[in-house]
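Visitor: I'm new to this one. Can you walk me through it?

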Amino acid sequence: PTRRSSDLGEIGDRVARKMINLAAQIYNSALATQITDVNVALLNECFQERYPDEMKQAVDLCSNLSDDVTDLLKALCAFTEPITAIDLVRHAYPSHPARTQPFIAEGVGSKLDRLCISSGILLKVEDRYRIANNAYRYALKIALRLT
């Protein structure tokens, strides 16, 4: 499978109906523009048309973030399972000494807690953070220019 088909499965939560609907939209768009090879730009365009609310929320969330919070969200996009603040710090800042990571994790947790309160995109379950669903994850990836 290509990366695009992997993205399609992720966006659609591996639910056949969601994947088929997005794939049909991509197919129709490719057919209308006579594109023979689906690329990330076409996938992103079709995603934004199909998920406008998620895109708006992701763009709004990302519009006023500091660089360090942007880096945290980029790191969080890499995880499909909930992750603790300390594990996120280890992933986002691998060059920081292990002895300083717990202190950094406290600040990270505080920043993520605020994002969880202000946005439905991020959730905190016990001491772990996650993106609410895969549509939000992909919208964040587009808003953060990771695709």
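This is a predicted model: local features need pLDDT of at least 70, side-chain atom pairs count only at pLDDT 80 or more; totals for chains, interfaces and linings use all residues.

Guide: Residues are numbered from 1 along each chain as its sequence is written, and side-chain values use heavy atoms, with hydrogens and water left out.

Visitor: Which residues touch the most other members of the largest nonpolar core?

Guide: Phe47, Leu73, Leu88, Ile121, Leu122, Ile131 and Leu140 do, in a core of 42 residues. A nonpolar core joins buried Ala, Val, Leu, Ile, Met, Phe, Trp, Tyr and Cys residues through side-chain atoms within 4.5 Å. Buried means under 20% relative accessible area, exposed over 50%, partly exposed in between (1.4 Å probe, protein chains only).

Visitor: Which element gives the most to this core?

Guide: Helix 8, with seven residues. Helices (H or I, at least four residues) are DSSP runs, numbered from the N terminus.

Visitor: What is Leu140 in contact with, beyond four places in sequence?

Guide: Leu140 touches Ala58, Leu61, Cys62, Cys77, Ile121 and Ile131. Contact means heavy atoms within 4.5 Å.

Visitor: New topic. How many salt bridges are there in the whole structure?

Guide: Four. Each puts a side-chain nitrogen of Lys or Arg within 4 Å of a carboxyl oxygen of Asp or Glu. One of them pairs Asp68 with Lys111, at 2.1 Å between the closest N and O atoms. Asp68 is in helix 5 and Lys111 in helix 7, so the pair ties together parts 43 residues apart in sequence.

Visitor: And where do Asp60 and Lys56 lie?

Guide: Both are in helix 4, four residues apart, about one turn of the helix. Lys56 is exposed at 53%, while Asp60 is partly exposed at 43%.

Notes. Helices (H or I, at least four residues) and strands (E, at least two) are DSSP runs, numbered from the N terminus.
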